[in-house]
Amino acid sequence: MLEELTIRNFAIIEELTIPFGSGLTVLTGETGAGKSIIIDALGLLAGGRGSVDFVRHNSKKAEIEGLFIVSSDHLAYERMSSAGIECEEGMIVLRREISRKGKSVCRVNGHLVTLTTLRSIGQTLVDIHGQHEHQELLQMDKHSGMVDNYANSTLFALKSEYEDHYDAYLSIKSELQRLRNSDRENIQRLDLIQYQLEEISRAALSDPDEDEQLEQERYKLAHAEKLYELLQYAYTYLHDEGKGLQWVRESAGHLKEASEIDPALMQTSEQVNSSFYMIEEASYSIREHIDQLDFDPARLEQIESRLAEIEQLKRKYGGSITEIMAFADEIAREQEALVNLDEHIRHYEEKLNEKAVELFSAANALTKGRKEAAKMLSEAVELELADLFMEKTRFSVSFQPPIHGEEVQSDGQVKAFTRDGQERLEFYMSPNAGEPEKALAKIASGGEISRIMLALKRILSHSSQRTALIFDEVDTGVSGRVAQAIGEKIAAIAAAETQVLCITHLPQVAALAASHMHIAKEENKGRVHTTVTELGDTARVDEVARMLSGSAVTAATRENARELLNFSTP
């Protein structure tokens, strides 16, 4: 339920905070007072298209904020969870700001979100129905959606299954078409793959670390002279006469004699003696390393050549030897597929035939479900229309093949399919007894369209899950007992656990409301301001009287208003 709506600097509204209750709330007032501006603000909160024209003159930005309370199983929970937004205690705050420069900022429970996310969540909370939405009834592509919504979960499951088969069929067909149409490309591709495989094969790559090992060896060879010089110095300073080892040996001998005099030096003597043998062993190792040093220019040239070969393969096929080998495996599989192209084409043809059978079956199940739903929907619409003084009207749903669709053949049958199914649905009606049913879009008058749409809203309100249903002057063009019937129908929708906000000029509709808001426009210091006032009993009588008379309110019109309000009180 929409608990509260706050609007600042929006069109002619400077600042408004409107609390809403459950049931039917009507908003009335003179033309131009700002009733539809409030609906526009709600539309923006639900993700509608913004415009700098909405920003009040001389203001930096327009701000709209709405507080909604929803149940824990509401669809908005799932949408918010997907966006990583928590919903505590069922409270959802939508906020939209539009700057004078056209920048739009959207927030949900304080989190910055994209307009797409705001729209995804907002459209589960608010359903605005105005004169423009009547046009949906004249658009055939909307009719199947209404039938599907009426059947709800049953048809949604069948529709989802059908869409999966339809998408899979198109995917297989596309792949098959690609295989059939690209013979020349396949031959060229095969030549390229064979060249690449031969080039990689010639390199005989097997060790993923070969390039690193070669680079280490190259560095060593490139610095062989320096290495020889350093090792030679190290050996000479240890091993030659009068150098390191000789002095350590002399020291060890003296310490040994000293330890025989003072046993406390025994451990030190052993340490120096052991060090001598360790250094002597190290000097032998250095000597051996020097003897093994071999500066081979041919080997260096060989390493340079191999590294260049590997580097070239890296530039063409991957950043490392591992990636080059993986690329080779991948194109080898592709080569096998291209070599066996005919076999692959036959494989996809078989898959396409199998999927066509499944698509026919899924489409037939969807059609069967839709026909059952369409029959029940037609009966429900006719019952609702009877309450709206269209009791002679017959309503039905026509099933016709799609005008444009994907032709699919299976078991000798050829049918056209779209992602919506194997049929296009269109609402038909006959407003008078004895006349044939014809397309609603061709024969329905404006008043009939309004009542049929209201009947559908009444029927579909149970499955829409939307929190607030908003009617913007949907009763335009009707009067008298039809107006009364429309008001009762809107009140019935509000009673069916759906909050309804209704802008109306009809006193019959206003009299049925649980809450009556009056929208007025006043001028102060050269600026126009819009105000919203919840009417008490006396003020409500005056407002309904004004709506009845259309001009001056008299004692007689007040009496008529009291009578209408008393008559309309449940």
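Trainee: Buried means under 20% relative accessible area, exposed means over 50%, and partly exposed lies in between (1.4 Å probe, protein chains only). By that rule, is Ser396 buried or exposed?

Mentor: Ser396 has a relative accessible area of 18%, so this residue counts as buried. Please note that this is a predicted model, in which local features need pLDDT of at least 70 and side-chain atom pairs count only at pLDDT 80 or more, while totals for chains, interfaces and linings use all residues. Residues are numbered from 1 along each chain as its sequence is written, and side-chain values use heavy atoms, with hydrogens and water left out.

Trainee: In which strand is Ser396 found?

Mentor: Ser396 belongs to strand E9, residues 394-400. Strands (E, at least two residues) and helices (H or I, at least four) are DSSP runs numbered from the N terminus.

Trainee: Which residues does Ser396 touch?

Mentor: Leaving aside residues up to four places away in sequence, Ser396 touches Ser378, Glu426, Phe427, Tyr428 and Glu437. Contact here means heavy atoms within 4.5 Å. With Glu437 there is also a side-chain to side-chain polar contact of 2.4 Å. A polar contact is a pair of N or O atoms within 3.5 Å; within protein, one must be able to donate a hydrogen and the other to accept it, and residues adjacent in sequence count only if both atoms are side-chain atoms.

Trainee: Let us turn to helices. Which residues of H19 are buried?

Mentor: Thr557, Ala561, Leu564, Leu565 and Ser568 are buried in H19. Seen down the axis of H19, these buried residues fall within an arc of 95°, so they line one face of the helix. The arc is taken over the directions from the helix axis to the C-beta atoms. On the other side of H19, the exposed residues are Ala555, Ala556, Glu563, Asn566 and Phe567.

Trainee: What covers the buried residues of H19?

Mentor: The cover includes helix H16 (480-495), helix H17 (507-510) and H18. Helix H18 spans residues 537-549 and contains Arg546. Arg546 counts as buried because its relative accessibility is 18%, and its side chain makes a polar contact of 2.5 Å with that of Glu543.

Trainee: And H7, how many residues does it have?

Mentor: H7 (residues 210-222) has 13 residues and reaches 18 Å from first to last C-alpha, close to the expected 18 Å. The expected span is 1.5 Å times one less than the number of residues. In H7, Glu210, Asp211, Leu214 and Leu221 are buried. They are on the same side of H7 because they cover an arc of only 85° around the axis.

Trainee: What is on the face of H7 turned away from its buried side?

Mentor: That face of H7 carries the exposed residues Gln216 and Tyr219. The buried residues of H7 are covered by elements including helices H8 (224-239), H11 (297-317) and H12 (321-339).
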